[in-house]
Amino acid sequence: MSQSNDDQDHVNDDMTNNDADLVALDINATESIDDEILDTFYQRDKLRTIMMATLDYVNERMPQGLTLPYFEDIEPERWQSKTKALDIYITDEIEGQALNLEARDKDYATNILSYPSDLPIAIIELMPTLPLGELVICHDVMVREAEEQNKAVDQHISHLLIHGVLHLLGFDHELGQAEQDEMERFEIDILANLDLPNPYI
């Protein structure tokens, strides 16, 4: 996003040629999100672990026939061979409301917005790193929802990050009950792999 604080930028993970599954994370925040919030809830290593768990989950299921709607034209082997890149932007409720209005024509701040990379497959095939897109997290909404649902904030963030990444891959719970059930099952399984509880009970 255009409004970011250079002092709060977290540089990309170092990449190695021997680990194509590494996630390159670029984490930025609006100026109202201070370092204490970032250090408490959005540590790069922690977010990277969540992203890796999500990608590992889908990678394990691709040989069994799982297709990623936004990347279905890429051969599974090519998908798995590429390093994945993800941008995360942390914002407040004021900017979150403006972004949600612009993106979805809904005049309130939502917990997370997903902006898929939406690049042509021919371009992605040529890129050594596969960009998944950007997730915009509204921290104020995350905290409020966690309190309302009697959940730990970091657990709620973990759940919504997984949810957001699945959206970037093309899964969409708003298409129907079957799609919602599938996406929720994925989220529950991935959270369990991280030793985190089922968020739907």
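Figure 1. The protein chain has eight helices and four strands; helices (H or I, at least four residues) and strands (E, at least two) are DSSP runs, numbered from the N terminus. Of its 201 residues, 44% count as buried, where buried means under 20% relative accessible area, exposed over 50%, and partly exposed in between (1.4 Å probe, protein chains only). Residues are numbered from 1 along each chain as its sequence is written, and side-chain values use heavy atoms, with hydrogens and water left out. In this predicted model, local features need pLDDT of at least 70 and side-chain atom pairs count only at pLDDT 80 or more, while totals for chains, interfaces and linings use all residues.

**Figure 2. The open sheet of four strands.** The strand order is S1-S2-S4-S3, with mixed pairing; two strands pair if DSSP finds at least two bridges between them. S1 and S3 (112-116) are the edge strands, each pairing on one side only. S3 and S4 (residues 129-138) pair in the antiparallel sense over five bridges, and serine 114 stands opposite leucine 135 in S4.

**Figure 3. Helices H2 and H4 on the sheet.** H2 (residues 44-61) lies across S1, S2 and S4, running at about 135 degrees to S1. H4 (residues 93-104) lies across S2, S3 and S4, at about 45 degrees to S3. Axes are lines fitted to C-alpha atoms, for helices over the stretch in contact (heavy atoms within 4.5 Å), and angles run from 0 to 180 degrees between N-to-C directions.

**Figure 4. Threonine 91 in strand S2.** Threonine 91 lies in S2 (residues 83-91) and is buried, with a relative accessible area of 0%. Not counting residues up to four places away in sequence, threonine 91 touches Thr30, Ile33, Gly96, Val136, Ile137, Cys138 and His139.

**Figure 5. Serine 32 and its polar contact.** Serine 32 sits in the loop between strand S1 (23-29) and helix H1 (35-41) and is partly exposed, at 44% relative accessible area. A polar contact of 2.5 Å joins its side chain to that of aspartate 92. Such a contact is a pair of N or O atoms within 3.5 Å; within protein, one must be able to donate a hydrogen and the other to accept it, and residues adjacent in sequence count only if both atoms are side-chain atoms.

**Figure 6. Helix H7.** Of the 16 residues of H7, 14 are buried, so this helix is largely enclosed by the rest of the structure. Glycine 170, with a positive phi near 110 degrees, follows H7.
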